[in-house]
Amino acid sequence: MATAREHYSPFTLTLHWVTAALVVAQPLLVWLSEDLPREQHWAAVGLHKSLGVTVLVLTLVRLLARLAGHRSIPLPDQMPDWQKFVARLNHGLFYALLIGMPITGWAGATAGGRDVSVFGAFNLPAFPMVPADRALAHNLMELHEVAGFVLIGLIALHVAGALKHYVLDRDDVLQRMLPFLPRRA
Ligand code: HEM
Ligand code: HEM
């Protein structure tokens with residue numbers, strides 16, 4: 001049973017909030033740089049790629065940590081089963097997209113014959129088994145874009161859920177991720 005006082009470990013909190021900040025910055029970086037001069041737009045896209053690779057690494061670390069026993073805290077017993085299901089489904093889809101988005105971006109770059117530099121330090125290798133093919137590059141980037149919109153929708157649902165816990169349910173679910181907030185229980 002979940003106790004009201006529990007919160008996530010500093011390790012999980014750091015990974016959650018760094019990932020959240022990066023994921024919110026990613027679309028903004030691309031869209032807000034669209035009208036900039038070419039060179040600055042490409043610099044922003046370069047940063048977008050490096051940050052995307054960072055998200056991939058952080059998400060893999062997070063999944064490995066989960067497998068190694070860093071489990072989520074059970075949701076409150078009074079929460080209806082369908083809400084628990086939606087919350088877990090949303091988390092699962094987050095993990096899928098936080099891996100799928102960098103993969104489509106990386107594979108799209110390989111198909112388009114472009115390098116993926118990671119903060120100027122080194123280049124990722126070509127994505128395995130992806131040929132240079134303009135049509136494939138286009139399709140992969142379309143998929144990347146659609147996945148971006150799905151991710152934004154899931155974030156909206158996730159944040160609405162977190163705020164519902166805080167404002168309507170008045171339980172301590174949000175406090176598990178924001179331990180400095182006052183507890184209700
Ligand atoms: C913006 C991108 C975000 C992403 C990608 C994201 C992702 C995730 C994921 C994957 C989990 C599940 C952790 C696990 O059990 O494995 C989680 C939990 C959680 N997130 Fe987020 N999150 C984001 C933003 C936010 C924001 C803005 C809030 C608060 C307003 C928030 C509040 C929470 C809370 C309270 C939990 C814990 C739920 C529980 O105790 O089971 N998240 N988040
Ligand atoms: C969590 C990771 C990522 C997220 C959330 C994300 C999200 C997005 C979004 C929303 C767009 C705008 C799509 C559009 O309107 O056309 C975009 C564009 C793009 N992304 Fe990502 N992306 C991520 C990772 C990556 C990675 C790892 C790469 C490459 C290795 C990449 C390469 C690109 C490229 C080349 C564009 C097109 C930029 C342009 O030409 O304007 N992305 N991404």
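Reply: **The surroundings of ligand 2**

A nitrogen atom of ligand 2 has a polar side-chain atom of His 48 at 2.8 Å, a polar contact being a pair of N or O atoms within 3.5 Å (within protein, one must be able to donate a hydrogen and the other to accept it, and residues adjacent in sequence count only if both atoms are side-chain atoms). His 144 also places a polar side-chain atom 2.8 Å from a nitrogen atom of ligand 2. Trp 31 has an N or O atom in its side chain at 2.7 Å from an oxygen atom of this ligand.

The model is predicted, so local features need pLDDT of at least 70 and side-chain atom pairs count only at pLDDT 80 or more, while totals for chains, interfaces and linings use all residues. Residues are numbered from 1 along each chain as its sequence is written, chains are lettered from A and ligands numbered from 1 in the order in which they are written, and side-chain values use heavy atoms, with hydrogens and water left out.

The iron atom of ligand 2 is held by the two histidines named above: His 48 (NE2) and His 144 (NE2) coordinate it at 1.9 to 2.0 Å. Donors here are N, O and S atoms within 2.8 Å of the metal (3.2 Å for Na, K and Ca). The site is octahedral because the angles subtended by its 6 donor atoms run from 87 to 180°; six donors count as octahedral if opposite ones are over 155 degrees apart and all others between 65 and 115. Since His 48 belongs to helix α2 and His 144 to helix α4, the pair ties together parts that are 96 residues apart in sequence. Helices (H or I, at least four residues) and strands (E, at least two) are DSSP runs, numbered from the N terminus.

Around ligand 2 there are 20 residues, of which Trp 31, His 41, His 48, Met 141 and His 144 come nearest; a residue is near if one of its heavy atoms lies within 4 Å. The shell has 12 nonpolar, 6 polar and 2 charged residues, with Ala, Val, Leu, Ile, Met, Phe, Trp, Tyr, Cys and Pro counted as nonpolar, Asp, Glu, Lys and Arg as charged, and the others, Gly among them, as polar. Helix α2 gives the largest share of this shell, 7 residues.

The space that ligand 2 takes is the second largest pocket. Two or more residues of its shell come from each of α1, α2, α3 and α4.

The protein donors of its iron atom are His 16 (NE2) and His 158 (NE2), at 2.0 Å. They sit in helix α1 and helix α4 respectively, 142 residues apart. The shell around ligand 1 has 13 nonpolar, 4 polar and 3 charged residues. Arg 66 has a side-chain N or O atom 2.5 Å from an oxygen atom of ligand 1, and Ser 72 has a polar side-chain atom 2.9 Å from an oxygen atom of ligand 1.

As for the setting, the chain has 5 helices and 2 strands, arranged from the N terminus as α-α-α-β-β-α-α. Its C-alpha trace spans about 55 × 35 × 30 Å along the principal axes.

Conventions. On a 1 Å grid over the protein atoms alone, a cavity is a set of points where a 1.4 Å probe fits but cannot get out, and a pocket is an open set with protein on both sides within 12 Å along at least five of seven lines; lining residues have an atom within 4 Å of a point. A molecule sits in a cavity or pocket if more than half of its atoms lie within 2 Å of its grid points. Four donors count as tetrahedral if all angles lie between 85 and 135 degrees; four count as square planar and six as octahedral if opposite donors are over 155 degrees apart and all others between 65 and 115; anything else is irregular.
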